[in-house]
Amino acid sequence: MIKAIFQRDETGNISSFDLSGHADAGEYGSDVVCAAVSALAISATNGIDALAGVTPTVKTDERAGGYLAVELPLYITQEQNNISQVLLENLLLGLQAIQAEHTENISIQTLKK
C-alpha cells in the first residue's frame, strides 16, 4: 500500500509530503496506481521548482524505491507560497481521487503541526 502523509503548518498550508510503499495493484512495471501516484508527485515537485521558483528539499530511497519526501523551504515569498500551495493542493486532490477508486492501494493522512 502507498502511504501518503501531508503536513500542514499552523496557517493550514501544506509544508511537506511523504509518499512511501508500493501500491501492489499490478505487476511491476504495469501498476497503474503506482504510475499515477508517481506522475502526480513528480509533476507537483517539478512544478514547485519551475513555476514557483522554489527548490524544495527532496529525499528519495533509490535502493528500495517507493519513497519520496518533499519539503518546502521555511522562507519563501508570498507569491512562491501561493503557487506552491496550488500545486500541492492539486496533488492532494489527485491522490484522493485515486484513493476513491483504489482504497486498498493507497491511504492518505493530513497532519497539522
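Q: Which elements do the buried residues of H1 pack against?
A: This is a predicted model, in which local features need pLDDT of at least 70, side-chain atom pairs count only at pLDDT 80 or more, and totals for chains, interfaces and linings use all residues. Residues are numbered from 1 along each chain as its sequence is written, and side-chain values use heavy atoms, with hydrogens and water left out. Helices (H or I, at least four residues) and strands (E, at least two) are DSSP runs, numbered from the N terminus, and contact means heavy atoms within 4.5 Å. The buried residues of H1 pack against E1, E2, E3, E4, H2 and E5.

Q: Which residues of H1 are buried?
A: Buried means under 20% relative accessible area, exposed over 50%, and partly exposed in between (1.4 Å probe, protein chains only). In H1 the buried residues are Val 33, Val 37, Ala 41, Ala 44, Thr 45, Gly 47, Ile 48 and Ala 52.

Q: In what order do the five strands form the open sheet?
A: Two strands pair if DSSP finds at least two bridges between them. The pairing in this open sheet is mixed, and the order is E3-E4-E2-E1-E5.

Q: Which are the edge strands?
A: An edge strand here pairs on one side only.

Q: Which residue in E4 stands opposite Thr 60?
A: E3 and strand E4 (residues 67-71) run antiparallel and are joined by four bridges. Opposite Thr 60 stands Leu 68.

Q: At about what angle does helix H2 run to E5?
A: Axes are lines fitted to C-alpha atoms, for helices over the stretch in contact, and angles run from 0 to 180 degrees between N-to-C directions. Helix H2 (residues 78-101) lies across E1, E2 and E5, and its angle to E5 is about 140°.

Q: Which residue caps the N-terminal end of H1?
A: A side-chain oxygen of the capping residue lies 3.1 Å from the backbone nitrogen of Val 33. The cap is Asp 31.

Q: Which residue forms a salt bridge with Glu 89?
A: A salt bridge is a side-chain nitrogen of Lys or Arg within 4 Å of a carboxyl oxygen of Asp or Glu, and the count comes to one. In this pair the closest N and O atoms are 2.7 Å apart, and the partner of Glu 89 is Arg 8.

Q: Why does the pair tie together parts that are apart in sequence?
A: Glu 89 lies in helix H2 and Arg 8 in strand E1, so the separation of the joined parts is 81 residues.

Key:
A polar contact is a pair of N or O atoms within 3.5 Å; within protein, one must be able to donate a hydrogen and the other to accept it, and residues adjacent in sequence count only if both atoms are side-chain atoms.
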